[in-house]
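Please open the structure in your viewer and keep the selection tool at hand.

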Amino acid sequence: MVSCRSWNYAPKCSPHYTEGNIHDYDISICKAFAWFLRSGVSKRMFSAIPQGLSGFVSDDLPSDYVLRARARALAGIEPVRYDCCINSHICFAGPYSSLDKCPHCDEPRFSGHDSHEKPHPRWQFLYIPLIPWLRAFVESVHMADLMWYRSLRAHSTGTFSDIFDGEYYQQLRSTPITVHGRPINPPANYFEDDRDIALGLSTDGY
């Protein structure tokens with residue numbers, strides 16, 4: 001769990017995409033994209049909707065490609081792909097970025113080449129960067145209001161009904177923030193400021 005001082009971060013976001021300033025067409029795009037994901041229909045079936053429901057749906061229904069591209073632009077979040085071991089032992093990043101095979105199972109990283117003669121990875125991990133998520137949170141009036149919950153919630157000693165009642169979190173609140181072993185200046189404790197953001201990390205065994 002870490003603390004982020006959100007007021008020192010200046011978001012860089014197009015004013016067209018801020019909350020309360022989204023065009024009706026883009027709202028419709030988001031609704032259609034959400035339905036497309038939840039319904040589980042194939043791309044082929046989705047493209048056939050105007051034909052099958054011609055009396056109810058107009059012919060200008062955007063394609064799934066347009067929906068995805070527009071939703072990505074509105075979200076301001078661009079996923080990053082990392083090559084991985086076919087057996088999920090490692091991600092070819094950091095100290096492993098230059099390897100051509102997994103050091104644990106010797107499985108090759110690539111399987112041939114693509115149409116541009118670039119090595120074709122056998123397996124990839126789709127990573128969604130954290131900073132754009134936090135940026136979207138603090139730019140949203142609704143979400144910003146919800147994020148006050150941590151600071152406004154009263155803790156009763158001996159009672160555990162929320163993650164913020166946890167022993168580790170309560171310990172951190174009385175622990176000075178240090179960087180490379182040195183207290184920050186001016187001194188402050190973790191989560192001392194009402195605008196601090198508490199981030200929790202959960203893994204599946206790694």
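**First stop: Leu67 and its surroundings**

Begin by selecting Leu67. Leaving out residues up to four places away in sequence, Leu67 touches Ile29, Ala32, Phe33, Phe46 and Pro62. Please bear in mind throughout that this is a predicted model.

In soluble globular proteins, nonpolar side chains tend to be buried together.

**Second stop: Asp26**

Now select Asp26, which is placed in helix α1. Is Asp26 buried or exposed? With a relative accessibility of 3%, Asp26 counts as buried, because buried means under 20% relative accessible area. Apart from neighbours within four places in sequence, Asp26 is in contact with Arg70 and Leu74.

Select Arg68 and Asp64 together. Side chains of opposite charge can pair when their charged atoms come close. Here the side chains of Arg68 and Asp64 meet in a salt bridge, at 4.0 Å from N to O. Both residues lie in helix α4, four residues apart, which is about one turn of the helix. The two partners can also be described by their accessibility: Arg68 is partly exposed, with a relative accessible area of 33%, whereas Asp64 is buried, with 14%.

How many salt bridges does a search of the whole structure find? The search finds eight. One of them joins Asp106 and Lys101, whose closest N and O atoms are 4.0 Å apart. Lys101 is partly exposed, with a relative accessible area of 46%.

Then select Arg122 and Glu107. These residues form a salt bridge in which the closest N and O atoms are 2.8 Å apart. Arg122 lies in the loop between β4 (119–121) and β5, and Glu107 in the loop between β2 (80–83) and β3 (110–113), so the pair ties together parts that are 15 residues apart in sequence. Both partners are partly exposed: the relative accessible area is 30% for Arg122 and 28% for Glu107.

Strand β5 (124–127) and helix α5 (130–139) each supply at least two residues of the patch. The largest share, four residues, comes from α5. Phe137 is placed in this helix, and Phe137 is partly exposed, with a relative accessible area of 30%.

Select Tyr149 and Phe164. A pair of aromatic rings is described by the distance of the centres and the angle of the planes. A search of the whole structure finds seven aromatic pairs. Tyr149 and Phe164 form one that is tilted, with 6.2 Å from centre to centre and 55° between the planes. The pair links distant parts of the chain: Tyr149 is in helix α7 (residues 149–152), while Phe164 is in the loop between α7 and α8 (167–172), 15 residues apart. Tyr149 is partly exposed, with a relative accessible area of 39%, but Phe164 counts as buried, at 14%.

**Last stop: the whole chain**

Of its 206 residues, 20% are buried. The accessible surface comes to about 15100 Å², and 57% of that belongs to carbon and sulfur atoms. Among contacts between residues at least 6 apart in sequence, 47% join residues at least 24 apart.

Conventions: Residues numbered from 1 in each chain as written. Predicted model: local features only at pLDDT ≥ 70, side-chain atom pairs only at ≥ 80, totals over all residues. Heavy atoms only, no water. Buried < 20%, exposed > 50% of the residue type's maximum accessible area, 1.4 Å probe, protein only. Contact = heavy atoms within 4.5 Å. Phe/Tyr/Trp six-rings, centres within 6.5 Å; stacked < 30°, edge-to-face > 60°. Areas by Shrake-Rupley, 256 points an atom, 1.4 Å probe, with all protein chains shown as cover.
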